[in-house]
Amino acid sequence: MTEANPIGLSIRNGSKIYPGTQALKNVDFDLRMGAVNVLVGENGAGKSTLMKIIAGVEQLNGGTIEIDGQQVVFADKTDAAKHGVGIVFQELNLFPNLTVAENIFVGHEKTRAGIHIDSQAQRSAAAALMKRLEQNIDPDTPLGNLRIGQQQIVEIAKALAENARILILDEPTSALSAAEVEVLFRVINDLRKQGVGIVYISHRLEELIRIGDYITVLRDGAITGSRSMQGVDIPWIVANMIGSASKEFPKTGDHELGQEVFRVDNVCLPSPAGGYAVDHMSLSVREGEIVGLYGLMGAGRSELLECIMAQHPNSSGQIFIGGKPVKEKSVSGRIRRGLALIPEDRKRDGLVQIMTIRENLTMSSLYDFTRGFHLSLKAEAAKAAEFVKRMAIKIASLEHPVSSLSGGNQQKVVIGKALMTKPKILLMDEPSRGIDIGAKAEIFRTMRRLAADGLGILFVTSDLEEVLALSDRVLVMANGRLTGQFPAGASAAEVISAATPNLNRVETQ
Amino acid sequence: MSSIDASGNAKTVIGGHKSRTSALLLLLHMRTFVALILVFTFFAIAAPNFLTTGNMLIISKHVALNAILAIGMTFVIIAGGIDLSVGSIVGLCAMVAGYLVLYGIDLGFVGVAYSVQFNTIEICLIVLVVGIFIGWINGMLITKLNVAPFIATLGILYVARGSALLFSEGRTFPNLSGNPEYGSDTFRVIGSGTFLGLPVSVWIMVVVALGAAYLATRTPLGRHIYAVGGNERGAALSGVNVDRTKLFVYMFSGLCAALVGLIISSQLQASHPATGETFELNAIAAAVLGGTSMSGGRGRIAGTIVGAFVIGILADGLIMMGVSSFWQTVIKGLVIIAAVVVDQVQQKLQARVVLQQNAN
């Protein structure tokens with residue numbers, strides 16, 4: 001097999017350091033041509049960093065990259081593209097307002113005399129690419145009219161148009177339907193036969209086993225397993241992903257759980273792609289209970305939290321707090337009833353970056369400091385200072401813009417803002433995303449303490465270890481539905497198989 | 001007010017750092033005020049009669065009009081929008097005021113041969129309601145129908161101007177001296193009366209400015225305006241009623257425009273349908289000059305007032321020096337661009353200082 005799949009690109013002793021963390025630790029990686037090299041690991045394990053280095057988006061701090069035995073240094077993405085490396089990011093970088101052909105050649109248009117775009121040549125080249133990918137897509141179609149799966153194919157065509165010999169696919173199936181996945185896999189198979197070296201990143205383990213030829217597992221920036229796919233099974237992958245040495249998680253408290261404080265009944269959200277994004281979800285949370293909601297990307301977890309927080313007017317179903325139905329249609333109304341959300345995307349949804357730390361902390365509770373319409377800045381500042389202390393937020397001044405804080409401290413501001421509204425239920429969407437290990441541990445301790453004080457917590461995570469260690473109860477979602485429910489101490493394999501309901505089907509193939 | 005405010009604010013940001021950077025930052029922070037002093041000093045020396053009381057009163061009357069509009073505009077821009085319709089609202093409100101003073105409301109259209117006449121207070125209230133109503137239309141177009149603020153208010157700019165022209169079929173309403181019989185003879189006081197030696201219009205500006213500054217800094221609504229402009233989604237998820245906040249700023253802007261329409265028709269004792277053309281641009285200029293960020297979330301009423309004074313003094317001073325009006329326009333444009341360039345420099349520098357402090 002080695003003879004048939006020569007090493008096209010290799011990294012030796014590669015290290016990458018970001019401020020505060022080492023994302024890659026002396027990594028040795030071989031990329032084989034004419035094969036699918038799958039890359040797997042938990043969030044933050046270093047998959048994206050490794051991929052960005054191969055694609056020239058980021059540069060190594062130490063170590064070397066070789067292509068066909070020649071040492072290379074990629075200055076940027078364009079430079080890597082010249083060496084035949086193409087990348088398809090998870091978020092598509094396409095222009096819905098332009099046609100398929102225009103999208104494929106954007107940035108490196110085919111021109112006559114350098115200025116006049118040769119539409120005819122672009123169109124026929126795009127048509128040839130579509131034929132190569134066995135797609136029946138007219139090059140003149142506006143991209144926005146295509147389905148997501150077809151758009152993904154266009155993105156691949158874009159990389160191939162630059163003569164990519166190495167193609168990196170980052171979670172290419174996360175937004176695709178089952179039928180579209182089949183099409184994509186056929187395309188990948190054809191490319192493999194044509195000698196293209198493919199790097200394939202996914203959280204869906206069953207996909208990896210089905211499509212991969214070689215597998216590399218990353219954990220905390222180091223490679224923990226690397227071999228040919230023959231004989232690899234899910235337990236082997238999970239063992240290498242998680243390892244035996246667990247990160248430090250605070251111990252489960254011994255406090256008694258109280259009564260049911262929160263219940264979601266039959267919540268549905270129609271999906272724009274047809275079907276349901278959230279499909280008849282029901283769940284409940286007790287006082288002092290931490291319920292972990294695990295699932296893969298696109299399982300509908302964030303959408304469920306958004307439905308609870310009145311972000312989707314099209315959603316249906318009922319919500320109860322302390323047994324009483326929540327009828328309020330506005331966010332402020334739901335906050336008043338005792339709901340609070342820590343959004344997944346801190347920057348976009350959680351904070352107003354240009355406002356001060358004080359103003360962000362009190363954003364949801366301004367009326368607590370207001371008499372008539374007069375806002376008492378003194379009372380406000382005192383309360384903000386109290387929460388800075390309580391949440392142990394490291395700041396130089398309350399009056400600095402919140403954007404000047406580190407990710408972990410920003411997250412504490414978001415949590416502080418939510419807690420200031422005295423919630424009964426805290427909804428946390430990926431509360432540990434994008435923050436360093438120390439801050440993570442602190443956030444987890446905070447969650448424990450809040451639960452011990454009687455708060456009900458429903459938190460969403462894609463981190464298996466996190467959900468197993470923190471939750472009093474684990475719920476699993478897949479395809480918008482509740483697919484599993486486990487008590488504390490459930491095994492990783494059980495949770496993973498509930499999160500990938502298609503696993504059995506694939507394994508028997 | 002502005003100077004104390006500005007320096008006080010700057011000090012808290014800079015803290016104890018006594019470096020050259022922080023001194024420069026302080027200067028940049030107060031740039032509009034520094035510009036005002038420079039412009040003022042320059043004309044005091046270069047233009048004869050500039051420093052006389054009479055001239056000061058004239059300038060302040062001119063500034064008041066632009067400042068009132070600019071205060072409304074400041075809220076709209078902080079909330080992340082823009083209001084191009086204010087000049088036209090000024091025109092329409094001036095016409096409504098003129099019509100009411102001259103004719104009252106003729107009830108002929110309901111079949112009664114009688115016309116209702118109003119006193120000054122009633123006229124003012126009706127005109128203000130008209131202004132607020134047009135602002136409400138702007139707000140509804142933007143929040144409920146999702147029209148981009150630029151387009152919605154551009155449309156209303158034309159609709160309101162056209163309506164102003166329709167009111168009189170393009171003619172001017174002259175001789176708005178009012179009628180003692182109806183109690184409307186006091187109408188002229190708004191534009192030409194004085195109180196404690198200052199023109200009434202300047203008092204109106206002071207009251208609006210103080211009210212707006214209070215609203216901006218000491219009420220939840222004011223905080224919401226900043227939050228909506230800083231991150232609309234984040235504000236919504238924090239429980240801020242985004243639509244209501246936006247609706248308010250456009251209604252407030254309409255109210256400010258109506259005030260200006262009243263003042264102008266009273267000052268001139270006449271209403272002309274072209275009143276207020278391009279006023280929206282001066283209002284935007286004053287807000288931007290005063291440090292309001294066009295991308296929303298940032299700006300202060302005090303800054304806007306100072307900005308309006310810089311523009312006003314520049315315009316009147318140049319006239320007194322006999323500089324051609326063509327050159328005045330060029331200079332005004334350059335000053336606005338310079339203000340924004342300096343603002344960018346300050347932002348960068350300030351971010352760096354804060355980062356340094358956090359590192360320490």
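Q: What is Leu69(B) in contact with, once its neighbours within four places in sequence are left aside?
A: Two residues are in contact if their C-beta atoms, placed from the backbone, lie within 7 Å. By that rule, and beyond four places in sequence, Leu69(B) is in contact with Val86(B), Cys256(B), Ala257(B), Val260(B), Phe279(B) and Ala283(B). This is a predicted model, in which local features need pLDDT of at least 70 and side-chain atom pairs count only at pLDDT 80 or more, while totals for chains, interfaces and linings use all residues. Residues are numbered from 1 along each chain as its sequence is written, and chains are lettered from A and ligands numbered from 1 in the order in which they are written.

Q: Why does Leu69(B) count as buried?
A: A residue is buried if 20 or more other C-beta atoms lie within 10 Å of its own, exposed if 12 or fewer, and partly exposed in between, with C-beta atoms placed from the backbone. Leu69(B) has 30 C-beta neighbours inside 10 Å, and therefore counts as buried.

Q: How does the reach of helix H6 of chain B, from its first C-alpha to its last, stand against what is expected?
A: The expected span of a helix is 1.5 Å times one less than its number of residues. H6(B) (residues 120–143) has 24 residues and reaches 34 Å, close to the 34 Å expected. Among its buried residues are Ile123(B), Val127(B), Val130(B) and Ile134(B). The cover over the buried residues of H6(B) includes helix H5 (86–103), helix H7 (149–168) and helix H12 (242–268) of chain B.

Q: What makes E14 and E17 of chain A edge strands?
A: Two strands pair if DSSP finds at least two bridges between them. The open sheet of 4 strands in chain A has the order E14-E13-E16-E17, with antiparallel pairing. Strand E14 (276–286) and strand E17 (324–325) of chain A each pair on one side only.

Q: How do you know that strand E13 of chain A pairs with E14(A)?
A: E13(A) (residues 260–270) is joined to E14(A) by 7 bridges, and the two run antiparallel. At least two bridges are required, so the strands pair. Pro270(A) stands opposite Tyr276(A) in E14(A).
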